[in-house]
Amino acid sequence: MDSIAGKYVLVDEPPRTGGFASVHKAFDITAQKLVAVKLMSRTEDPVREQAVVREMESLRKLSHPNIIRLRDAGFDESRDVHYLVLDWVEESLAEVLEAKASYEWDDLAGLLAEPLVQALSYAHLNGVEHRDIKPSNILMSDGGMPLLADFGIAKVRQGVVSEHTLMRFGSGPYSPPEDDGEVKYVRDVYSMGVLLIQAMHQARLRSRADVEPALQAVNIPPDVRKLLGRCVHLDYSERPANGAVLADELKNVLLGRSVLPVASRSTVWLSLTNAARRQLLEHPEAAGGSAEAALLNDLNEDVFVAYRFDTGKRAADRTVVFIAGKRWKFTLKLDSPLALVVTGARAPEYEELERFRRAALNVAEFAAWVCSEPRNRVQAESGRHDLLSALDAFEEEKQAVRTGDLSTGYDGLDMLQEWSRVLQAREDLARGSNRTLNYSNRVVRGREVDLELRDPVEEDLVGTDWEIVARDSRRVVAYGQIINQDSDSVTLRSKTPIGALERSGGLRPFLGPSRKALQRQRDALSALRNGTAARPELRARIQNPAEVEAPIPRKVDDWVGTLDDGKKKAVEAALGVQDVLLVEGPPGTGKTDLIAEIVFQSLKERPNSRILIVSQTHVAVDNALTRLEQAGIEGIVRLGHPDDPRVDKTVSHLLLNRRMTKWAEGIRRNAQRYLEKVANERGLDLRHLHAALSLRQLAKVVKERNDVEREIERRVRSNDTSALATSLEIVEDDSDLQERVDDLALRYDQLHAEAAEHLAGDLTLHADMAVEDALSAAGALLGTSVSAQRLLDLVGLQAEWLQRTATDNRLAEAFLGTARVVAGTCIGFVGQAAVRNLEIDLCILDEASKATATEAMVPLSRSRRAILVGDNNQLPPQEEELLRSTEILTDHGIDEDLVKETLFKWFSHRLPEHSKFLLRDQYRMIRPIGDMVSTCFYRGELSSPRTDGLPGLELLGKPVLWLDTSRLGEERREDRGPGGISYANRAEARIIFTRLETLEIAIEKGIVSTPGDSGKLEVLLIAPYRRQVEEMRRRLSLRRFTRLQVDVLSVDAVQGRQCDVAIFSVTRSNHKLSLGFLGAENWRRINVAVSRARFGLTIVGDAEFCQSANGALRDVVRYIGEHPDDCDVQAVENA
């Protein structure tokens, strides 16, 4: 069986050959599908080697429906060849043209011209020139879709100009006359023009001289002939400047608009305000000269214009125009009758400019810009009129696409495009939120550091990544994850020991993980758009959920758990799901039991299938895995970092690296026994054998660390990704490189310590050993005899294998191939490279209502079928910061409703009834609590059959009890913290701890029983503000309860948790009737807070205040008053 890299079996068919490469049809063992494997022999020719790297870099950089997709790349040492793995496509355009008649323009325009020109535009906007466009490099899919392929001599925009320009490569009539590289992008425009002419011409074009006669011979409209004539003009200055310009001009031609030649451009007069002038001149990149000169210089190539988008009206604001040139984005007001007034100028990040350009109108071939008042005022008035007329027409086209509005929701829109714009807004927010939190003191403990913040932070930072910077904010001294947070301090954990820190400094977001998360979401969107998702039909199902296929229920006779009829119907439907199934599970309805049963029954019916369980919260994932282990499911792998404190200790043994370590340890012991046997036979010291093994592994670690550090230095110099990074499988983000160095440093320390321990002083090892030092030490330990050298070779082989188990993704991928259940968080699960090619039969997304639409698409795009479990009435994704960023929302033309539209919510409102299930029976809360939650938050649709309360607890008050502070006067009021962003209420805290004392005494005296065998009552103290959480934690630290297991959590952190008794501190009470986080729009927070308890719910707060303020608590107070049999309001006379 002839294969490449052990993964791609070559089909016994002649390969396609061309240039210095051959393309083979192959079968991907992992993905179980046909692929194309392009093989290029390694040579000493630097130009050919550069061509390989260029193609790899180009394809990794591009993701477009009309550009061939790169699936894998690498080097096969057994064959001494580079390989690229691409989607298999049977035919090229050259073969189509040879077998069939030439195209007519009406067919060519839509089938070939538009998609290929759009692909070229995308490539050029991403800085990639193809430089060898011709029919044989255009592949044609089975559906007739053209795909731009073979980027072997592409030129990628880089910080350093390569000395290898690949000038000698070119393709006959498709190569323009000018020297390669003389001007960017116009070479591709020429080739594209020739290709389109060839597609309509019967005879084959054999030289450049054939092109012009062919253009005159084909039957095309005059404007098309004029545009193609400019594309193939021998003077490159007459051609459209790049693919984006060509795409705009082609679009205008197809819409029946004429493309104006350069000499006929309209004159547009720009007038700068003092503010705009100052912004231009004060920019760090300002090179001197006047602001007007800087403006005109920026607008001397491509210029893109668009109206400002009014998110409130969901329409263009035609009083403000944005224009973007090479580096700047300008804001224009239409105040003057003749001039366009430039009121603002800023130089945004490259990515933001590119996004704006893709959604704007290119007027490079239309407008000529001036900053002085034209002598001919009629001409200036005409130029302004022409520009705005073109912009009006462009905006009407866009508005025609955006058919949705607030009254009909978003039906009719391309939702992937809409959510893509939201994702772009999040990216801008992440880039712009590089705020710094200053700290005034620190306590370092190995890999952890406590930082005392100068100002309190209300935002929950636990689980987010930050870097510590020196006082000058330029030097990063450590980075890691926040694992604990108080109102004015945080604890950060790093992967490596933290060295000496200045007493004061700053904390700022570490954007590496954020960039990765955003990239994974972009990749998911691309997979859905271009049909490469595990289920290509998913895009259509998202766009039109009404078309989702009905599940085919499978009857189950042998149930593992005790399920009610509603859950049984949902499980049987889940077993037969064809596309997507949605389960709405309010609190206490047994979502975890449902998920466990679905997994068990699915694996029973399909033993060889693989199930992915993901959630936005670690708690939900770990709860499901615990239940599956209890049900006897084998082959479970938990994805996550072993140092992540959010991974529950009860499932940490399921983590991939620990499973891999255990697997490798068994093999290592077997191999080591053999080595020890050989050593004993030859009279060698076993301690020295073990030390030599550690040293050989250490040598390999040092070599890899050196490689990665060289790549870091090279990237700093050239700002791009090299073939070395590709071979190291580090292509997502520069932060991967530093993380790899940190991991290797830890591994080095471990191996060095192991070797020193085995040697016990027999040989002194330097603290910082080079590769040669480690190898020499290993050789010295085993001797120089022939037998010793053979043993040393065996030690080397085992050392290499052991090191590969720790770093080789292919071994991890092989191990994951044996897993039946893989689990992790929505975004985090693809952080493990080995999982990215894993075939997933069924994805179960728990807490789906907490995931943004694009976060949910990450696991769904990799799965054939999906089940979404969630609750629209629980906490949504945390989007407060984006919703507050009105400028970003405006820039991207999105509104609050779109930001809040999760995929779960989208499906819940649009899926057919056959694919939606509501779990109505909840068993967590006893009936009085469940009925209150059902009435106040679920329109009375929930049933609470549980009536077995906790014996004796009723003696301390009704199951739902409100301890009312209204009579405490001003003592009941909130205490506003520094900065006014958080609140505490000490009176409520005192009342809560009095309640805890009462519970403790009642249990000690046998008045109240405890559930289970622990003898303790689980109590959750819940508050909406961090200062109140800290106040209660402070009091808890001063009191030791022997009968109560007490935890204190914020409302936002408590979802997914449950307890015997919950005590909720309202916290807010003020004369302004301001509820803050507890206001009407935040009613879900109240639902979460009051639905955690099994037996008793106590709310402590100012009932009079809550009844007067607009919010969900008013409904709760009213319900309690109307149900005296189950609920009670008790006035607190003193605190």
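## A loop residue with positive phi

D80 sits in the loop between β6 (70–76) and β7 (81–87). In this predicted model, D80 has a positive phi of about 60°, although D80 is not a glycine. D80 counts as partly exposed because its relative accessibility is 32%.

R939 also has a positive phi without being a glycine; the value is near 55°. R939 belongs to the loop between α30 (927–937) and β33 (960–964). With a relative accessibility of 65%, R939 counts as exposed.

## Overall fold and confidence

The protein chain has 1135 residues, and 55% of them count as buried. Its secondary structure comes to 36 helices and 40 strands. Take the contacts with a sequence separation of 6 or more: 72% of them join residues 24 or more positions apart.

Mean pLDDT for the protein chain is 84, with 87% of residues reaching 70 or more. Residues 153–170 have pLDDT below 50, yet this stretch has 57 contacts in the model beyond near neighbours in sequence. Residues 259–264 also stay under 50. For that segment the model has seven contacts beyond four places in sequence.

## Nonpolar cores

The largest nonpolar core holds 72 residues. W962, L1021 and F1064 have the most contacts inside it. Helix α31 (residues 986–1004) gives the most to this core, with nine residues. A second, separate core has 62 residues, including L612, F815, F829 and I888.

Not counting residues up to four places away in sequence, L1021 touches I992, F993, L996, M1032, V1046, D1047, V1048, L1049 and I1063.

Helix α16 covers residues 591–605. At 1.5 Å a residue, its 15 residues should span 21 Å, and the end C-alpha atoms are 21 Å apart, so the two values agree. Eleven of the 15 residues are buried, so α16 is largely enclosed by the rest of the structure. The buried set is K591, T592, L594, I595, A596, E597, I598, V599, Q601, S602 and L603.

Helix α32 covers residues 1026–1037. Its twelve residues should span 16 Å at 1.5 Å a residue, and the end C-alpha atoms are 16 Å apart, in agreement. Its buried residues are R1026, R1027, Q1028, V1029, E1030, E1031, M1032 and R1035.

## Salt bridges

Side chains of opposite charge can pair when their charged atoms come close. A search of the whole structure finds 63 salt bridges. R318 pairs with D392, with the closest N and O atoms 2.8 Å apart. R318 is partly exposed at 36% relative accessible area. D392 is partly exposed as well, at 24%.

R508 forms a salt bridge with E467; the closest N and O atoms are 2.7 Å apart. R508 lies in strand β25 (residues 505–509) and E467 in strand β22 (residues 465–469), so the pair ties together parts that are 41 residues apart in sequence. R508 counts as buried at 15% relative accessibility. E467 is buried too, at 12%.

D975 forms a salt bridge with R1027, the closest N and O atoms being 3.6 Å apart. D975 is in strand β34 (residues 975–976) and R1027 in helix α32, 52 residues apart. D975 is partly exposed at 28% relative accessibility, whereas R1027 is buried at 17%. Elsewhere, a network of salt bridges links R554, E605, R606, E839, D841, R864 and R865.

D28 is found in strand β4 (residues 21–28). D28 is buried yet has no salt bridge. The nearest side chain of opposite charge, R71, is 4.4 Å away, and a salt bridge needs a separation within 4 Å. Leaving aside neighbours within four places in sequence, D28 contacts K7, Y8, K33, V35 and R71.

K850 is in the loop between β30 (840–846) and α25 (853–860). K850 counts as buried because its relative accessible area is 13%. K850 and Q874 are 24 residues apart in sequence and 8.1 Å apart in space, C-alpha to C-alpha. Beyond neighbours within four places in sequence, K850 is in contact with Q616, T617, E855, L875, P876, P877 and Q1055.

Conventions
Residues are numbered from 1 along each chain as its sequence is written. This is a predicted model: local features need pLDDT of at least 70, side-chain atom pairs count only at pLDDT 80 or more; totals for chains, interfaces and linings use all residues. Side-chain values use heavy atoms; hydrogens and water are left out. Helices (H or I, at least four residues) and strands (E, at least two) are DSSP runs, numbered from the N terminus. Buried means under 20% relative accessible area, exposed over 50%, partly exposed in between (1.4 Å probe, protein chains only). Lys and Arg count as positive and Asp and Glu as negative; His and the chain ends are not counted. Contact means heavy atoms within 4.5 Å. The expected span of a helix is 1.5 Å times one less than its number of residues. A nonpolar core is a set of buried Ala, Val, Leu, Ile, Met, Phe, Trp, Tyr and Cys residues joined through side-chain atoms within 4.5 Å. pLDDT is the predictor's confidence in each residue, from 0 to 100.
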